Amino acid sequence: MDYKDTEESMYSIYAKRINGKFQPDSEALVLKLTFEEMEMKSIEIAEEKCPGFDYFLEMFVLKDFYEDLLKLEEFKTDIKRVERIIYYAEFDA
């Protein structure tokens with residue numbers, strides 16, 4: 001599926017933490033949110049739409065970041081890319 005934001009909505013990723021952290025094998029969902037919903041606190045969205053999940057990243061941010069990782073030699077494996085995306089989501093975003 002191609003997750004393209006529109007004037008009415010955008011896609012965000014929510015994931016479950018394992019032992020308090022996002023992990024490469026964390027369960028994740030993509031939510032299509034209206035811009036009114038995007039103005040809500042992410043914890044409120046999670047409680048309403050996906051209890052047990054936490055906000056992770058907007059899809060457009062993930063796509064851009066992933067494209068950049070594909071160009072870097074040190075992130076040639078999927079697991080290395082996922083680990084770097086998790087680090088980015090938790091510490092840099």
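Buried means under 20% relative accessible area, exposed means over 50%, and partly exposed covers what lies in between, with a 1.4 Å probe and protein chains only; by that scale Asp92, at 41%, is partly exposed. This is a predicted model, in which local features need pLDDT of at least 70 and side-chain atom pairs count only at pLDDT 80 or more, while totals for chains, interfaces and linings use all residues. Residues are numbered from 1 along each chain as its sequence is written, and side-chain values use heavy atoms, with hydrogens and water left out. Helices (H or I, at least four residues) and strands (E, at least two) are DSSP runs, numbered from the N terminus.

- Seven of the seven residues of β1 are buried, so the strand is largely enclosed by the rest of the structure.
- Both faces of β1 are covered, with Ser9, Tyr11, Ile13 and Ala15 buried on one side and Met10, Ser12 and Tyr14 buried on the other.
- Two strands pair if DSSP finds at least two bridges between them, and β1 is joined to β2 by seven bridges, the two running antiparallel.

**Nonpolar cores**

- A nonpolar core is a set of buried Ala, Val, Leu, Ile, Met, Phe, Trp, Tyr and Cys residues joined through side-chain atoms within 4.5 Å; the largest one has 16 residues, of which Phe56, Leu57, Leu62 and Ile85 touch the most other members.
- The elements that give two or more residues to this core are β1 (9-15), β3 (54-58), α3 (59-70) and α4 (78-92), and the largest share, five residues, comes from α3.
- Leaving aside its neighbours within four places in sequence, Leu62 is in contact (heavy atoms within 4.5 Å) with Ile13, Leu57 and Ile85.

**Aromatic pairs and a charge over a ring**

- Rings of Phe, Tyr and Trp (its six-membered ring) pair if their centres lie within 6.5 Å, and planes under 30 degrees apart count as stacked, over 60 as edge-to-face and the rest as tilted; a search of the whole structure finds five aromatic pairs.
- The rings of Phe22 and Phe56 have centres 4.9 Å apart and planes at 85°, so this pair is edge-to-face.
- Phe22 lies in the loop between β1 and β2 (28-34) and Phe56 in strand β3, so their pairing ties together parts that are 34 residues apart in sequence.
- Phe22 is buried at 7% relative accessibility, and Phe56 is likewise buried, with a relative accessible area of 10%.
- Tyr87 and Phe91 form a tilted pair, 4.8 Å centre to centre with 40° between the planes, and, being four residues apart in helix α4, they are separated by about one helical turn.
- Tyr87 counts as partly exposed at 43% relative accessibility, whereas Phe91 is exposed at 58%.
- A charge sits over a ring if NZ of Lys or CZ of Arg is within 6 Å of the ring centre and within 35 degrees of the ring normal; Arg17 lies over the face of Phe22 in this way, at 4.1 Å from the ring centre.

**Salt bridges**

- A salt bridge is a side-chain nitrogen of Lys or Arg within 4 Å of a carboxyl oxygen of Asp or Glu, and by this rule the count comes to nine.
- The side chains of Lys49 and Glu37 meet in one of these, at 3.0 Å from N to O.
- Lys49 lies in helix α2 (residues 42-49) and Glu37 in helix α1 (residues 35-38), so the pair ties together parts that are 12 residues apart in sequence.
- Lys49 is partly exposed at 37%, while Glu37 counts as buried at 16% relative accessibility.
- Asp92 forms a salt bridge with Arg84 at 3.5 Å, N to O, and Arg84 counts as partly exposed at 24% relative accessibility.
- Asp2, Lys4 and Lys63 are linked in a network of salt bridges.

**A backbone angle in the loop**

- Most residues other than glycine have a negative phi.
- Asn19 has a positive phi of about 55° although it is not a glycine; Asn19 is found in the loop between β1 and β2 and is exposed, with a relative accessible area of 80%.
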